[in-house]
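Reader: I'd like to learn how to read pockets and ring pairs in a model. Can you walk me through it?

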Amino acid sequence: MRYVRLDTPKPMSKIGLGTWQFGSREWGYGQDYERLATDIVRRAVELGVTVFDTAEIYGLGRSERILGAALAPHRDKVVVATKILPVLPVAAVVQQRAVASAARLGVTSIDLYQLHQHNPLVADSTTMRGMRVLQDIGLVGEVGVSNYSLRRWQVAEAALGRRVLSNQVRYSLLDRKPEEDLLPYAEQAGRLVIAYSPLAQGFLSGRYDAHHPPTGAIRRANPYFLPENLARGAALIETLRQVAAAHDATPSQIALAYVLHHPNVVAIPGASSVEQMERNAAAAEIDLTEDEYAALVNAARAVRPVTGLAAVPKLIRARTGR
């Protein structure tokens, strides 16, 4: 495993584990998966993974409970990260919700406490006042944000009066916007970008195509998995396969290696099995050549997926068969 070169109390692995699916029935894993989650987490620790990300909204608290129980024997060496849903994130509410998350996680201190989204009606100064108190009393180690623009990230940091260590954003070969400003800022300022959905919810795995779309509710609601978009992404998948062959790897591992190519990035893919966790962790050891990286960039630029409002009627037709 490789680690980000940042001055944090615990080392932060380049590959972490995202746990949205822990306790979340919409992913379709069910009770058996909840038991398997413990095996996945413990194998991740054995492989050197130190970053484990959850949120109070995942499974309505169940993800935090499952993760906390699985990490109980390893708390001294892992970074437990969770997120507060920004419903009325005023200072007092932020403090109350942090206490509740810590209780579900079974920890006395949350290593990284993140704001899940910005709230347009509540100023960052109000939210960060609560975060600062949590740091002062030791209930929170580092503060992070999620889905923030660079400007909002900097505003939040000014409001906190201390570093806001991380910004968790959607980042993959299909979602490369963070490369414009967030990644350069993180590298220059000694901050961290946490890449969620680094495989674009499995689009980049090569498992799906226009004739074999996914069946799960989460993916079927994602416009990337429209047959039209799967067809448009075929050349990118083929490039991933070609690069993967050169490294005796899988397309998913190459897609992860792409985002990890940037020094101040941690990727937090999910895992539905111990074997998938092992494959994800192994991606941290892959070094792409400059030619391979350029080939992936060029292939990604050529993909023009239908998204936003234009995708809505297509999603409805895909769901209803009309």
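Predicted model: local features only at pLDDT ≥ 70, side-chain atom pairs only at ≥ 80, totals over all residues.

Reader: Which residues lie nearest the centre of the second largest pocket?

Author: Those are Arg2, Lys14, Leu260, His261 and Pro263, out of 15 lining residues. By type, the lining splits into 9 nonpolar, 4 charged and 2 polar residues.

Reader: Okay, on to rings. How many aromatic pairs are there?

Author: In general, a pair of aromatic rings is described by the distance of the centres and the angle of the planes. The whole structure holds 3 aromatic pairs. Take Trp20 and Tyr58: the ring centres are 6.1 Å apart and the planes sit at 25 degrees, so this pair is stacked. Trp20 is in the loop between strand 1 and helix 1, and Tyr58 in the loop between strand 2 and helix 2, so the pair ties together parts 38 residues apart in sequence.

Reader: Is Tyr58 buried or exposed?

Author: Tyr58 is buried, because its relative accessibility is 11%, under the 20% cut-off. Trp20, at 31%, is partly exposed.

Reader: What about Trp153 and Tyr185?

Author: Their planes are at 75 degrees with the centres 5.1 Å apart, so that pair is edge-to-face. Trp153 belongs to helix 5 and Tyr185 to helix 6, 32 residues apart. Both residues are buried.

Reader: Which residue lies over the face of Tyr148?

Author: That's Arg152, 5.3 Å from the ring centre.

Key. Residues numbered from 1 in each chain as written. Heavy atoms only, no water. 1 Å grid on protein atoms, 1.4 Å probe; cavity = no way out; pocket = protein on both sides within 12 Å on 5 of 7 lines; lining within 4 Å. Nonpolar A, V, L, I, M, F, W, Y, C, P; charged D, E, K, R; others polar. Phe/Tyr/Trp six-rings, centres within 6.5 Å; stacked < 30°, edge-to-face > 60°. Helix = DSSP H or I, 4+ residues; strand = E, 2+ residues; numbered from the N terminus. Buried < 20%, exposed > 50% of the residue type's maximum accessible area, 1.4 Å probe, protein only. Lys NZ or Arg CZ within 6 Å of the ring centre and 35° of its normal.
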